[in-house]
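Reader: I am new to reading structures. Can you show me how the labels follow from the numbers?

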Amino acid sequence: MSAARRLDPVLLLAAPAVLYLAIVYGLPLLFLLGRSLFGAGGLASFGSFFADPFSWIVLGNTLRSAALVTLVCLVIGYPTALVLARAGGLVQAAILVAIILPLSVGVVVKAFAWQIVLRRDGIVSQIMTGIGLWSEPQRLLFTETGLVIGAANIFVPFMILPIYSVLKLVDPRLGEAAATLGASPVYRFFKVALPLSLPGIVTGIAFVFSMAASMYVIPSLVIGDRFQTLATLTGRSFLFMRNEQLGSTTAVVLLALTVAIVVASSWLSRRLGGAS
Amino acid sequence: MDAFAQARLTRRSLLAGGAAAATLVASPSILRAQTKELVVGGAAGHKPWVESTVVPMFEKKYNCKVIFEGTRSLVNLEKMQKNKGSQYMSVVQMDDPVMILAVKEGLLDPLTPAKAPNLANLLPGSTHMDAMWANYLQPWLGVAYSKTAMKTPPSSWAEMFDPKYKGRIIIPSLQNTEGLPALFVAGLLAGGTLEAVQKDTDAGFKKLAALKPNLLTIYTQQPQAYNLLEQGEAYMIGPAMSSYALERKAAGAPIDLVAPKEGVFAMPSGIAVIKGAPQSELAFAYVNEMLGAELQSKLAGPTFSLATNKAVPKPEGLGADVKIHQIDWANVAAQRNDWIKRWDRDMAI
């Protein structure tokens with residue numbers, strides 16, 4: 001039985017994908033790991049990286065901006081996913097198109113568009129001064145707030161879709177049953193819908209967080225040279241400073257960080273999925 | 001990138017070879033009247049003016065054929081490294097920082113006044129590292145400003161530091177070649193001499209910190225910065241490259257470039273002969289022509305650059321008495337990484 005399972009011919013279907021990933025992704029990754037661990041500085045380069053206060057600022061920038069982007073995506077994305085799961089027919093199709101179509105527009109184009117929106121005479125500033133929330137025009141471009149707003153726009157589909165795919169599998173009669181038992185809408189949301197959709201939320205957070213922590217193009221266009229993250233520092237080390245040791249060290253730190261997030265969240269989602 | 005360049009090269013040489021073979025078959029007499037071929041490597045951006053102005057003049061005068069390969073400086077360097085001992089390129093036009101690397105690899109043949117007499121007619125500071133290469137045309141760096149936002153053009157680099165321009169100034173990143181003078185200018189404004197502020201940048205960094213409230217951003221992508229200037233979000237960019245700013249102005253953008261009273265900086269455009277080059281005599285002749293007044297006066301205008309030959313007058317827009325600072329690129333190469341590290345820390349938001 002176990003021998004038969006080991007030789008399951010269906011597994012061979014995965015061979016092309018495994019081979020492809022091993023060559024174009026696994027091998028370079030091994031080189032990178034090898035260089036960061038056994039390169040010129042070796043493990044000592046990690047020591048000097050973490051001993052440098054500037055590294056902690058960069059680490060802080062990376063984690064804080066990624067966490068804020070993830071939070072904004074969750075706050076915007078969850079209600080959208082809820083509406084999407086409840087909607088039917090044409091409305092659902094329209095919302096899905098509205099979410100998926102922007103993915104076909106390149107990140108550079110979107111980042112450039114945000115530059116125009118976030119300028120001092122941009123539409124955000126005009127609206128805020130128009131409704132009297134700001135006393136004078138302000139610029140969000142090249143600020144961390146601007147970065148979070150712009151990045152959240154680009155990553156929000158990756159929050160909506162996993163939550164939606166979980167929510168649409170939830171039996172709507174569960175909510176109705178709770179209602180007949182006298183549960184208020186708020187109680188129903190927090191005790192029924194939310195726990196059932198947790199695996200989707202966790203997946204969405206893992207997607208958005210790991211993408212936001214490693215984004216490169218968006219910060220370089222929306223906030224510029226004065227806000228270094230692990231990703232921009234890695235790029236600069238390799239491309240301009242020709243410091244491959246520092247570059248591979250920061251790349252491995254970023255990799256470890258995102259792998260930790262993905263592993264932790266998949267563990268969490270399995271646990272939460274099992275609990276429900 | 002390299003594989004791509006190689007592939008193109010092979011395809012091109014195959015085509016050229018095929019065409020040559022066909023011509024040979026058609027007219028055997030060509031064997032005796034074979035013209036010499038000179039391969040010049042340079043930047044892709046140089047191609048228009050090299051092929052329209054330099055090549056026809058040179059081919060006619062020296063009865064030869066010039067092939068210009070336009071790519072990036074670092075790609076040219078790699079071509080030279082890979083073909084060491086059997087070079088097919090004879091002349092290379094690259095930025096000075098890359099020239100330094102080529103000298104360290106022993107890839108260049110020094111220029112001498114005997115082989116390139118025009119060396120004697122160059123402005124001081126136009127040759128480097130014992131004349132391993134020379135500068136031919138130099139874009140210059142001044143202050144670009146928005147004509148809609150500023151009624152009077154800036155006259156000094158110090159105006160970028162004026163508190164009334166809060167959030168309106170853009171400077172290039174130190175990782176961009178044109179960004180280096182920002183550091184040197186700050187040193188000059190703090191009261192140093194050009195030589196001293198290049199060696200010891202501490203005062204420059206301290207002065208730059210005072211610019212932070214005025215900074216809209218620090219750019220790495222030049223088009224993005226000029227976009228902001230042309231739309232009036234930014235008022236000034238400095239240092240700004242003549243070859244970019246004046247081209248935008250010529251295209252109708254409401255901006256202009258001025259030469260501040262403290263002087264402008266010359267950007268590096270070097271030319272050198274490759275060691276072990278085929279057609280070595282022609283190669284030196286090509287360099288000599290590029291350093292000559294005739295070609296330089298034809299090229300300075302369309303490329304918005306300064307000539308390095310003494311006989312060529314300064315372009316319009318630059319006063320005759322304006323100071324032109326040359327940058328010590330060997331010093332830059334030695335210190336740049338440390339500067340970038342400090343820059344990241346000191347200039348962060």
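Author: This is a predicted model. Start with two helices: helix 3 of chain B passes helix 4 of chain B in a right-handed crossing.

Reader: What makes helix 3 of chain B roughly parallel to helix 4 of chain B?

Author: Look at the angle. The axes of helix 3 (residues 73–82) and helix 4 (residues 96–104) of chain B cross at roughly 15°. Angles under 35 degrees count as roughly parallel. The crossing falls under that cut-off, so helix 3 of chain B is called roughly parallel to helix 4 of chain B. The two axes also come within 10 Å.

Reader: Which residues make the contact between these helices?

Author: Helix 3 of chain B brings B:Ser73, B:Leu74, B:Leu77 and B:Met80. Helix 4 of chain B brings B:Val98, B:Leu101 and B:Ala102. By class, this contact of helix 3 with helix 4 of chain B has 6 nonpolar residues, 1 polar residue and no charged ones.

Reader: What makes B:Ser73 a residue of this contact?

Author: The cut-off is 7 Å between C-beta atoms placed from the backbone, and residues within it are in contact. B:Ser73 is listed on the side of helix 3 of chain B.

Reader: How is chain B divided into domains?

Author: Domain 1 of chain B covers 35–136 + 269–307, and domain 2 covers 138–266 + 323–346. Their C-alpha centres lie 29 Å apart. The contact takes 13 residues from domain 1 of chain B and 15 residues from domain 2 of chain B. Helix 4 of chain B supplies the largest share of the domain 1 side, 3 residues.

Conventions. Residues numbered from 1 in each chain as written. Chains lettered and ligands numbered in written order. Predicted model: local features only at pLDDT ≥ 70, side-chain atom pairs only at ≥ 80, totals over all residues. Axes fitted to C-alpha atoms, helices over the stretch in contact; angles between N-to-C directions. Helix = DSSP H or I, 4+ residues; strand = E, 2+ residues; numbered from the N terminus. Parallel < 35°, antiparallel > 145°, perpendicular 65-115°, else oblique. Left-handed = near helix turned anticlockwise from the far one by under 90°. Contact = placed C-beta atoms within 7 Å. Nonpolar A, V, L, I, M, F, W, Y, C, P; charged D, E, K, R; others polar. Domains from an automatic or database assignment.
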